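Q: Please take a close look at the aromatic side chains in this model and at what surrounds them. I would like one connected account that also sets them against the rest of the chain.

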Amino acid sequence: MHPLQHPLFIQYIVNFNLEKDFFECHEVGEDYWKLVAPKDKMHPLTGWIQLAVGMYHWRRSNYPGALRSFIRAKVKLMAGGVWVEGFDHEKLIDILTYSIKAVTERQPFVAQEIPVVSEELKKAVETYCSDHPLLQQDPYFLMHKHRLRDRSSIISLREQKKRRNL
């Protein structure tokens, strides 16, 4: 299987292009990265994660955070290779270049779409959507998801780590 055909990456595309849920893209991308290249912060998959993080920050008008994320994403996705196959690589880099310019100029958020050109990827996205019908999400929730989601499991893990370190 091509690495971009992995179910987690297909979910990333759906979250990014169809749901505009950039926070979830980050979560799904990070889960996939931990399977493929844990701790390799220069892996191209981290570029995809940073692209989503940049969009999330931009939507929230966190221009410095968005700029850092877009610049890092561009560096990692620029090289191309297997981790951008199935996408219009030139358009992908143009999106990052545009986004860097827009956040530098503090322009209002504009949702972007990653340019899927592979018929195989498009079919995988269609299949995913058939198996997991998309739900309409509240724009306010999408914008502030990191603050509004249930964090009880995260807090519990932090408490466990604290107790172990005592």
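A: Happy to. A helix here is a DSSP run of H or I with at least four residues, and the helices are numbered from the N terminus. In that numbering, Lys-34 belongs to helix α2. Please keep in mind that we are looking at a predicted model.

The chain has nine helices and zero strands, so read from the N terminus its elements run α-α-α-α-α-α-α-α-α under the helix numbering used here. Of the 166 residues, 45% count as buried. Among contacts with a separation of 6 or more, 67% are between residues 24 or more positions apart.

Now to the aromatic rings. A pair of aromatic rings is described by the distance of the centres and the angle of the planes. Searching the whole structure gives 13 aromatic pairs. One of them joins Phe-9 and Tyr-12, with 5.2 Å from centre to centre and 10° between the planes. That angle makes the pair stacked, because planes under 30 degrees apart count as such. Both residues sit in helix α1 (residues 7–19), three residues apart, or about one turn of the helix. An α-helix has 3.6 residues a turn, so residues three or four places apart point the same way. Phe-9 and Tyr-12 are both buried.

How do the two partners compare in burial: buried, partly exposed or exposed? Trp-58 has a relative accessible area of 1% and is therefore buried, whereas Phe-109 stands at 26% and so counts as partly exposed. The cut-off that separates them is 20%, because buried means under that value.

Both pairs belong to one aromatic cluster, whose members include Phe-9, Tyr-12, Trp-58 and Phe-109, along with Phe-16, Phe-22 and Trp-48. Phe-70, Phe-87 and Tyr-98 are also in the cluster.

The largest nonpolar core has 45 residues, and within it Tyr-12, Trp-48 and Leu-51 touch the most other members. Helices α1, α2 (22–36), α3, α4, α5 and α6 each contribute at least two residues to this core, and α3 gives the most, with nine. In soluble globular proteins, nonpolar side chains tend to be buried together.

Just after α1, Lys-20 takes a positive phi of about 55°.

Most residues other than glycine have a negative phi, and most peptide bonds are trans. Lys-39, in the loop between α2 and α3, has a positive phi of about 75° without being a glycine, and with a relative accessible area of 77% it is exposed. Ser-61, in the loop between α3 and α4, has a positive phi of about 60°, again without being a glycine. At 46% relative accessibility, Ser-61 counts as partly exposed.

Finally, the surface. The chain exposes about 9,500 Å², of which carbon and sulfur atoms supply 55%. Met-42, Ile-71 and Val-75 make up a nonpolar surface patch with about 300 Å² of accessible area together. Ile-71 lies in helix α4 (residues 63–78) and is partly exposed at a relative accessible area of 41%. Lys-34, where we began, is also partly exposed, at 47%, and its C-alpha atom is 9.9 Å from that of Leu-45, 11 residues apart along the chain.

Conventions. Residues numbered from 1 in each chain as written. Predicted model: local features only at pLDDT ≥ 70, side-chain atom pairs only at ≥ 80, totals over all residues. Heavy atoms only, no water. Phe/Tyr/Trp six-rings, centres within 6.5 Å; stacked < 30°, edge-to-face > 60°. Buried < 20%, exposed > 50% of the residue type's maximum accessible area, 1.4 Å probe, protein only. Patch = residues over 30% accessible without salt bridge, like charges linked within 9 Å, V, L, I, M, F, W, Y side chains within 5 Å. Areas by Shrake-Rupley, 256 points an atom, 1.4 Å probe, with all protein chains shown as cover. Salt bridge = Lys/Arg side-chain N within 4 Å of Asp/Glu carboxyl O. Contact = heavy atoms within 4.5 Å. Core = buried A, V, L, I, M, F, W, Y, C linked by side-chain atoms within 4.5 Å.
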